[in-house]
Amino acid sequence: MIAVVGHPDLTAPTLKMVEEELRRRLAEFARAGKAGLVRAGQGLPVAFGRAARAAGLALVTVLPTRNGVPDVLESSDHRAAGELLLLSSQVRLMEYDPADRGACVGADENLMRSCARVLAVWDGSPSDGRDATAHLVAFARSSGVDVEVLWPDGASRRG
């Protein structure tokens, strides 16, 4: 499995660049019979899902549950989750609270444990109270997961 992590505040032009770069990189994984893994949400997860589909890579989308019952995502993630479900060949349910940042980071850590590679859309900045990308990159590396950092020329984040 291949997972993606990255900044939640990528600009729309950056998401387009990243989606194209991911499509190119995911094509080789598709030829090898691998699958992509993403936690439902807007922005980068949708770009990854679209790139996976275009590359012919099977996509697994993770949705939250609480006490074994599917949980409600933030309203801003509803449309993104719907698109990811349409792009997916499989859905996984995972116990975490989508409104709790720490729970989401923990869910991402659990996902990375089942992956051979993580594609990180990361500008190299440290994690802060909102963005855990640097933490997730360090976690994957310390867990022995191969990490490939993507930051295309001209990429930017919302101010």
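This is a predicted model: local features need pLDDT of at least 70, side-chain atom pairs count only at pLDDT 80 or more; totals for chains, interfaces and linings use all residues.

1. Which residues form a nonpolar patch on the surface? Leu85, Val91 and Leu93 do so, with about 250 Å² of accessible area together. Patches are made of residues with over 30% relative accessible area and no salt bridge, like charges being joined within 9 Å and nonpolar side chains (Val, Leu, Ile, Met, Phe, Trp, Tyr) within 5 Å. Accessible areas come from the Shrake-Rupley method with a 1.4 Å probe, and for residues only the protein chains shown count as cover. Leu85 is found in helix α3 (residues 78-87) and is partly exposed, with a relative accessible area of 36%.

2. Residues are numbered from 1 along each chain as its sequence is written, and side-chain values use heavy atoms, with hydrogens and water left out.

3. The chain has five helices and seven strands; these are DSSP runs numbered from the N terminus, helices (H or I) having at least four residues and strands (E) at least two. From the N terminus on, the order of the elements is β-α-β-α-β-β-α-β-α-β-α-β.

4. Strand β6 (residues 117-121) pairs with strand β7 (residues 146-150) in the parallel sense over five bridges; pairing requires that DSSP finds at least two bridges between two strands. Within this pair, Leu119 stands opposite Glu148 in β7. Together with helix α5 (residues 133-142), β6 and β7 make a right-handed β-α-β unit.

5. As to overall dimensions, the C-alpha trace spans about 40 × 35 × 30 Å along its principal axes.

6. Of the 159 residues, 50% count as buried, that is, under 20% relative accessible area, with exposed meaning over 50% and partly exposed in between (1.4 Å probe, protein chains only). Pro64, in strand β3 (residues 58-66), is buried, with a relative accessible area of 1%. Pro64 and Ala40 are 24 residues apart in sequence and 8.4 Å apart in space, C-alpha to C-alpha.

7. The whole structure holds 14 salt bridges, each a side-chain nitrogen of Lys or Arg within 4 Å of a carboxyl oxygen of Asp or Glu. In one of them, the closest N and O atoms of Arg39 and Asp108 are 2.8 Å apart. This pair links distant parts of the chain, with Arg39 in strand β2 (residues 35-39) and Asp108 in helix α4 (residues 101-113), 69 residues apart. Asp108 counts as buried, at 14% relative accessibility.

8. Arg66 and Asp97 also meet in a salt bridge through their side chains (3.6 Å, N to O). Arg66 lies in strand β3 and Asp97 in the loop between β5 (90-95) and α4, so the pair ties together parts that are 31 residues apart in sequence. Arg66 is partly exposed at 41% relative accessibility, and Asp97 is partly exposed at 21%.

9. A network of salt bridges links Glu20, Glu21, Arg23, Arg24, Arg25, Arg117, Asp146 and Glu148.

How values were computed: A crossover is right-handed if, with the strands pointing away from the viewer, the path from the first strand over the helix to the second runs clockwise.
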